[in-house]
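Subject: Structure handover

Hi,

Here is the structure for your files. My notes on it follow below.

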Amino acid sequence: MAEHSGYDELPVRRFEGFPRGGAIAAAVLVVAGAIAFGAALVVDPARAWRAYMQNWMFFTSISAGAVMLSAVVVMARGLWSQPIRRIALSFVSFLPVAFVLLIPILIVSGTYYLPWVHEALPRGKELWLNVPFVIVRNLVLFGAFVCVAVAFAYWSLRPDVAVLREESAGVAPAVWARFKRDWRGAEAEEVRASHNTATLAPILALLYVFSLSMVAFDYVMSLQPEFKSTLIGGYFFMGAFLGGIAATSLLTAIYRRVLGLEDAILPGNIHDLGKLHFAFSIFWAYLFWAQFIVIWYGLLTSEQSFVIRRFQAPNGTIAVIVLFCLFVIPFFGLLGVKPKRTPEILAGFSSVVLIGLWLERWLLTYPSWYPPTRIWLGWQEVGVGLAFAGLLVASLLWFASRFPLLQLWRPMAELELLGRGEDAPGEEVTQLT
Amino acid sequence: MATVVRSETHPDIGSYEDVNRDILKLLSRPGRGYRILLALAIAGVIALFTAWGLQIVLGIGMSGLRNPIGWGVYITTFVFWVGIAHSGTLISAILYLFRARWRQSIYRAAEAMTVFAVMTAGLFPVIHVGRPWLAYYLMPYPNQRMIWPNFRSPLVWDVFAVGTYFTVSATFFYIGMIPDLAAARDSAIVPWRKKLYSTLSLGWRGTNWEWKHFTRAYLYLAALATPLVLSVHSVVSWDFAMSLVPGWHSTVFAPYFVAGAIYSGLAMVLTLLIPIRKIFGLEAYFTTRHVEQMAKVMLLTSLIVSYAYLCEAFTAWYTFEPAEQTGGYLMFGATGEYWWSAWLMLTCNAFVPQLLWFRQVRRSIPAMFVITLFVNIGMWFERYSIIVLSLSHEYEPWMWNQYRPSLTGMIIILGSFGWFLMWFLLFLRVLPAVSVAELKEVLPPPLRRLRAGPATLRRPRGGAEEVRP
């Protein structure tokens, strides 16, 4: 089996135990964020909960997007992605946390988020716009997405347990016990895992599309009940996918440096990731434009109000920053070969994209809640964001201290392709400057 | 270390000589089946021009168009053919950039289809305007009479979009063919062919220097052509989405049309290549694996299109605008007098292709042939539903009207298939239909008397030093 993977000679890379520095940083972030959230609740509970919503949307988006990246490369059989797919997958550790964090959102929805609760709706529309139904459909869809994501991660990780068994003596026995259950031998496990990941990946993709579309319908579109856009779901989840690619690029650069993965993650792999980053930045701009121009041209009051609130002063400033961060800067920055091949430079652009996406999720929600009198962006939003960032860091470290960050096994379908003499990871056949 | 002695993608192709022989054989004297097909296609073209001529002489009333349905089957068919044109660039440019190694043997035919489909689509605006001698008004040219053009009209954007697409895809098609034209030149015996290929191959000799520039040019053209795949049908979709006709004014239209275009394009490629592979004995070049890979992309695009249907129907309901609900092609379509069109679209595009989830279906050539026929029909009716249903039920109920395609319209549509097929059949016999040069890249190099044997791996193991040209 391992003769094709090319990684058999590499040691298993992961953090030995929970890294102290990271753990302290995560704890500090969470505590600082919790204090900020508490203070914000005292000052203005509505704003505190809205900051919570914005940050939940952002951190869930990038985690879900990164997990989708790891599922997409399974479906597309992206041979190039072998050294980075586990890093993308590691974001799955945040998804159960995101599910727990969703519950308070659903509870306070009627109070702080959904304005139509207090409005008279057209007859019949209450079938869709009623709070219990909003809670149930989001809980079920997002819950299903998280469950399938965890199952997908389980099967992606499982064959590597064979290698880990010797190494992992004494590390997190409860976790290993789950992975060792019903073990059928390395060969058989790889066949099983290939089959199961190949089955789960498309299901995960469908649930990703539907659950994030539902979040967009309920927590973006319905915040202005008169507004409608058929693209809002697609725009929202493709933005999340871009965020997932950016987060993966950033984390790859960090792990590559910290864990010394330079021999496994080659500039060629980074280059491919950079190309994807570049392409999806353009694609985000395309979807943005496709939505914008139809609304702008249509000149319907019901639709225009959504755009005007976001482009009018002072929110317009944020809108321009978002446009620059998500499209203009990465487009010109990643046009050349070098920025795409150098992990640190790519990570720099990924950070810009992530900041842009954080602001974009703000822009999707806040202007619907507050009149555009000033920019409603302050210590509350940043502070609550610290708590979410801390939880994300802790989840990622939890994953990284337990599982190898390089996937050692390869799905059968990809072995077949390698047998055909197709591109091996890191090797370059074509180059797009 | 062992060497690759057989290509796994094309296991039945033995050597470089086989490729030259099999592909260039297509350029020899055609058989009877081919002549019959060509005769049929030409008959279609004659019918097309006869019907069009009658329409010009007797007036546009012959088309069956009347208020408020100003756009009928002609615009439907225009959008249909522009959609078909998408697969070529997808396969030749996007899959090239994605390093999908299975595209070599099919991309040339797909590109040719792109060019001919745009040529077919281009007929319809001219037919539709009624007075074709004034069709040059569409063209962006400077003039003093100030009659042209309203830059804010999506129709003008469309002229630019389709025109650019045609230019770039034709260039891409031609540039990619140069090495093969040289191969054809070298084996041509008939004088006119020799002359033709000599001219078209621009003196290609296959030197290292030539290849270096060729591959660069090809890569850049691929990169330039890729955004066009998205832009052309987006602009076509805005012909509809910019207006306030119920069912048309929808933000999802651009990505939804692009996905639909790729979907229908792939279906058409398969519909044509499956019989061709049989007729010309090209089974070794166009294998089950190709069909399966294209089936997967079709499944993806079918799901995107289905998602768009869901969003459209949901939003039409959600907005509670009476016009959206009665005029939208999905909400109204499913229950109104055109229910058959809307359901045909849903069945062919969203329901039947769910069979592609099954590997057995994807790998069965007869099943795939039937499914692609469904998709072709479904995609035509999608455009028909969008155009006719929405126009027949706009805001004012007293304006509501029904539309029936006239006989002239139907003949012109069928004739357009003849027109497309005629060009395609001529292409098969005049130009190399499979990329000889690129196919050889994935075949084992000719080593001394090293013939068939089990495939083994040539790759160096491990994360070896990366190779950078």
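In chain B, 80% of the contacts with a separation of 6 or more link residues 24 or more positions apart. Contact here means heavy atoms within 4.5 Å. This is a predicted model: local features need pLDDT of at least 70, side-chain atom pairs count only at pLDDT 80 or more, and totals for chains, interfaces and linings use all residues. Residues are numbered from 1 along each chain as its sequence is written, chains are lettered from A and ligands numbered from 1 in the order in which they are written, and side-chain values use heavy atoms, with hydrogens and water left out.

More on chain B. It has 17 helices and zero strands. Those are DSSP runs, numbered from the N terminus (helices H or I, at least four residues; strands E, at least two). Of its 469 residues, 58% are buried. Buried is under 20% relative accessible area, exposed over 50%, partly exposed in between (1.4 Å probe, protein chains only).

Now helix packing in chain A. Helix α2 (residues 20-43) of chain A packs on helix α16 (residues 379-400) of chain A at about 150°, axes 7 Å apart. Axes are lines fitted to C-alpha atoms, for helices over the stretch in contact, and angles run from 0 to 180 degrees between N-to-C directions. So α2(A) is roughly antiparallel to α16(A) (the cut-off is over 145 degrees). Their contact residues are 20 nonpolar, five polar and no charged. Nonpolar covers Ala, Val, Leu, Ile, Met, Phe, Trp, Tyr, Cys and Pro; charged covers Asp, Glu, Lys and Arg; the others, Gly among them, are polar.

Helix α11 (residues 267-298) of chain A and helix α12 (residues 301-311) of chain A cross at roughly 115°, and their axes come within 9 Å. F288(A), F292(A), I295(A) and W296(A) of α11(A) meet E303(A), Q304(A), V307(A) and F311(A) of α12(A). That contact divides into six nonpolar, one polar and one charged.

Last, the backbone. Most residues other than glycine have a negative phi, and most peptide bonds are trans. L299(A) is not a glycine, yet its phi is positive, about 55°. It sits in the loop between α11 and α12 of chain A and is exposed, at 62% relative accessible area. The A313(A) to P314(A) peptide bond is cis, omega near 0°. In chain B, a cis peptide bond joins N67(B) and P68(B), with omega about 0°.

Best wishes

Key
Parallel < 35°, antiparallel > 145°, perpendicular 65-115°, else oblique.
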